[in-house]
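Visitor: Hi, I'm new to this one. Can you put it up and walk me through it?

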Amino acid sequence: AGHILVLPQANPRGGTVAWDPIAPPGINVDITLFDDLLFCIGEQYTIDESRVHLLGDSLGGIFGGALVATRSEAIASASLNAGGFLQGKTEGAIPIPTLVTWGGVDDVSNGQSFEFLAREMLETLSADGHFAIQCDNGLGHGGPYADTWAYTYRFFADHPQGTIESPYSAAGLPGVFPDYCLIPE
């Protein structure tokens with residue numbers, strides 16, 4: 001279908017898998033992995049660099065928030081499921097379209113409220129000029145994220161790199177989005 005999917009799995013740390021969403025870019029091995037993956041894929045394949053999109057779930061969504069904050073120049077758009085920001089943006093960070101999905105007030109894992117993280121992320125995205133969509137499916141942590149693929153794929157297709165004004169701003173969300181998704185005011 002003309003797509004390349006890169007699906008890295010975090011290394012086990014302390015009995016669970018973990019990405020590092022906190023260490024700054026200069027010493028963060030996971031951000032370095034992201035940089036290296038982009039470079040190596042670009043060396044091995046012909047890629048459309050304006051179509052590099054990011055998807056992360058749970059701690060992967062939190063790490064995705066770190067990439068939105070630190071690597072926005074390399075990412076066209078992002079879809080973060082049960083994610084959040086634990087790291088401030090770097091100088092030169094640019095707004096990118098971001099889709100934020102979570103499982104409502106019962107979206108809790110390891111004592112972390114992903115409802116809180118999602119709402120905080122949406123406020124930060126808005127304050128920094130990002131176009132954002134919020135999707136609260138109300139199904140708790142690990143909700144049916146496989147069900148998000150249809151609207152995530154459409155979101156990625158409609159938001160190549162450099163999208164300043166989302167086509168959804170005037171036209172609203174396409175029909176592929178469920179009723180629980182909306183463009184926050």
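**Salt bridges and a helix pair**

Guide: A search of the whole structure turns up 5 salt bridges, each being a side-chain nitrogen of Lys or Arg within 4 Å of a carboxyl oxygen of Asp or Glu. This is a predicted model, where local features need pLDDT of at least 70, side-chain atom pairs count only at pLDDT 80 or more, and totals for chains, interfaces and linings use all residues. Residues are numbered from 1 along each chain as its sequence is written, and side-chain values use heavy atoms, with hydrogens and water left out.

Visitor: Which residue does Arg71 form a salt bridge with?

Guide: Asp35, with the closest N and O atoms 2.8 Å apart. The two are 36 residues apart and link distant parts of the chain: Arg71 is in the loop between H2 and strand S4 (77–81), and Asp35 is in helix H1. Helices (H or I, at least four residues) and strands (E, at least two) are DSSP runs, numbered from the N terminus.

Visitor: OK, and at what angle do the axes of H1 and H2 cross?

Guide: Roughly 70°, and the axes of H1 (residues 29–44) and H2 (residues 59–70) come within 11 Å. Axes are lines fitted to C-alpha atoms, for helices over the stretch in contact, with angles from 0 to 180 degrees between N-to-C directions. That makes H1 roughly perpendicular to H2 (the label covers 65 to 115 degrees).

Visitor: Which residues make the contact?

Guide: Asp30, Ile31 and Phe34 of H1, with Phe63, Leu67 and Thr70 of H2; contact means heavy atoms within 4.5 Å.

Visitor: New topic: where is Ser58?

Guide: Ser58 is in the loop between strand S3 (53–57) and H2. Ser58 has a positive phi of about 60°, although it isn't a glycine.

Visitor: And how confident is the prediction, on average?

Guide: The protein's average pLDDT, the predictor's confidence in each residue from 0 to 100, is 90, and 97% of the residues score at least 70.

Note on methods
Angles under 35 degrees count as roughly parallel, over 145 as roughly antiparallel, 65 to 115 as roughly perpendicular and the rest as oblique.
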